[in-house]
Amino acid sequence: MNLAKKYAPIAAKLSIGQYCPPACYELAGKRFELVMDTGEDTGDAVLDFLGETEVAWSMKSTDDLKSDQYECRKADDRTYLVTYCLKGKIPRENHTWIIDMEQNLVTFLRCAMGENRYYPYLIESHFTFGYVREEGKERTDLKRHGFTDDVAGTSVRWTYGHAASTVHVYYSSNWYRITFPKDDLTSKDALELNEVFDEMMKKMPGSDEPAFYVKIKEGIYLVSITEQNMEKILGDKVGFRSDTLCFLDNWNHLYSVGRGFGTMTTDGKDREIFVMIGKYGSPEDVDKHLFTDPNPYLA
């Protein structure tokens, strides 16, 4: 029996979740009191991990704790990505926290739908930075996670599954481009994905999409990208509606964990997307023009 032939189609159905690591339950039973003092949603915050899947949380110095089902993955031994979607909130909203236990620093990413009056599916990203409050210890320094241009000038091939890989071109501190590996002829699925991408790009001025890059610590970066231009131009024609993906990239190991949040529209019906992702990277040489071409969405 050829196990690869038997299980490969099953694995391929997992798409970008195929290489996602198992859930991390290390935070269960822990409570974090946070001081979020830099960015858009400042104020005291609480993350109280009631169990392996439930977290009670509050933000902006409110006393009311809300409860949601969370997912947790690790980028290294002491850096956690925690994410959950707000139950019952319409338009939908996702919260993602990066808890850096090595420095006791925290990044908060709030992704909300419905803020753009022209494009209701569009997702906007809001960042806040702070630290973990420690009992009996006053924090006096102002060192926080923050935006960076360290990643600019990098191109990398990310592999999400045995038949799924893309090339990210980080050419700017605020944008990125995507393409597919030239040599990705490993499977019928990869070829079909290439063809779909090529057809989609013919309808777009370019693959450029807004991106945020946050340095967590040496070798660890949070990369957040949102398919806003695709939504504005193609709408429901491509199915994915302004999906936002954030990745906690470990460049020391060229490994990454992340989450996808958004909407899939097929046959006029919307399906909510919330998926955990794992991927492996390798340096990829790309045509130089991908770093120098002007951004077609900027005046």
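Visitor: Why is Arg110 called buried?

Guide: In this predicted model, Arg110 has a relative accessibility of 12%. Buried means under 20%, so Arg110 counts as buried.

Visitor: What makes the pair of Arg110 and Glu115 a salt bridge?

Guide: The closest N and O atoms of Arg110 and Glu115 are 3.7 Å apart. The cut-off is 4 Å between a side-chain nitrogen of Lys or Arg and a carboxyl oxygen of Asp or Glu, so the pair qualifies.

Visitor: Why is Glu115 called partly exposed?

Guide: The relative accessible area of Glu115 is 39%.

Visitor: Which residues do salt bridges with shared partners join into one network?

Guide: The network consists of Asp41, Lys60, Lys89, Glu93, Arg110 and Glu115. In the whole structure, a search finds 21 salt bridges.

Visitor: What makes Arg133 and Asp44 a salt bridge, and which parts does the pair tie together?

Guide: The N to O distance between the two side chains is 3.4 Å, within the 4 Å cut-off. Arg133 lies in the loop between β8 and β9 (146–147) and Asp44 in strand β2 (residues 43–49), so the pair ties together parts that are 89 residues apart in sequence.

Visitor: Are Arg133 and Asp44 buried, partly exposed or exposed?

Guide: Arg133 has a relative accessible area of 38%, and Asp44 has 34%. Buried requires under 20% and exposed over 50%, so Arg133 is partly exposed, and so is Asp44.

Visitor: How do you know that the side chain of Asn116 makes a polar contact with the backbone nitrogen of Tyr118?

Guide: A polar atom of the Asn116 side chain lies 2.8 Å from that nitrogen, and the limit is 3.5 Å. The Asn116 side chain also reaches the backbone nitrogen of Tyr119, at 3.1 Å. Asn116 itself lies in the loop between β7 (105–113) and β8 (123–132).

Visitor: Leaving aside neighbours within four places in sequence, which residues is Asn116 in contact with?

Guide: Asn116 is in contact with Leu122 and Glu124.

Conventions. Residues numbered from 1 in each chain as written. Predicted model: local features only at pLDDT ≥ 70, side-chain atom pairs only at ≥ 80, totals over all residues. Heavy atoms only, no water. Helix = DSSP H or I, 4+ residues; strand = E, 2+ residues; numbered from the N terminus. Contact = heavy atoms within 4.5 Å. Polar contact = N/O pair within 3.5 Å; in protein donor to acceptor, adjacent residues only side chain to side chain. Buried < 20%, exposed > 50% of the residue type's maximum accessible area, 1.4 Å probe, protein only.
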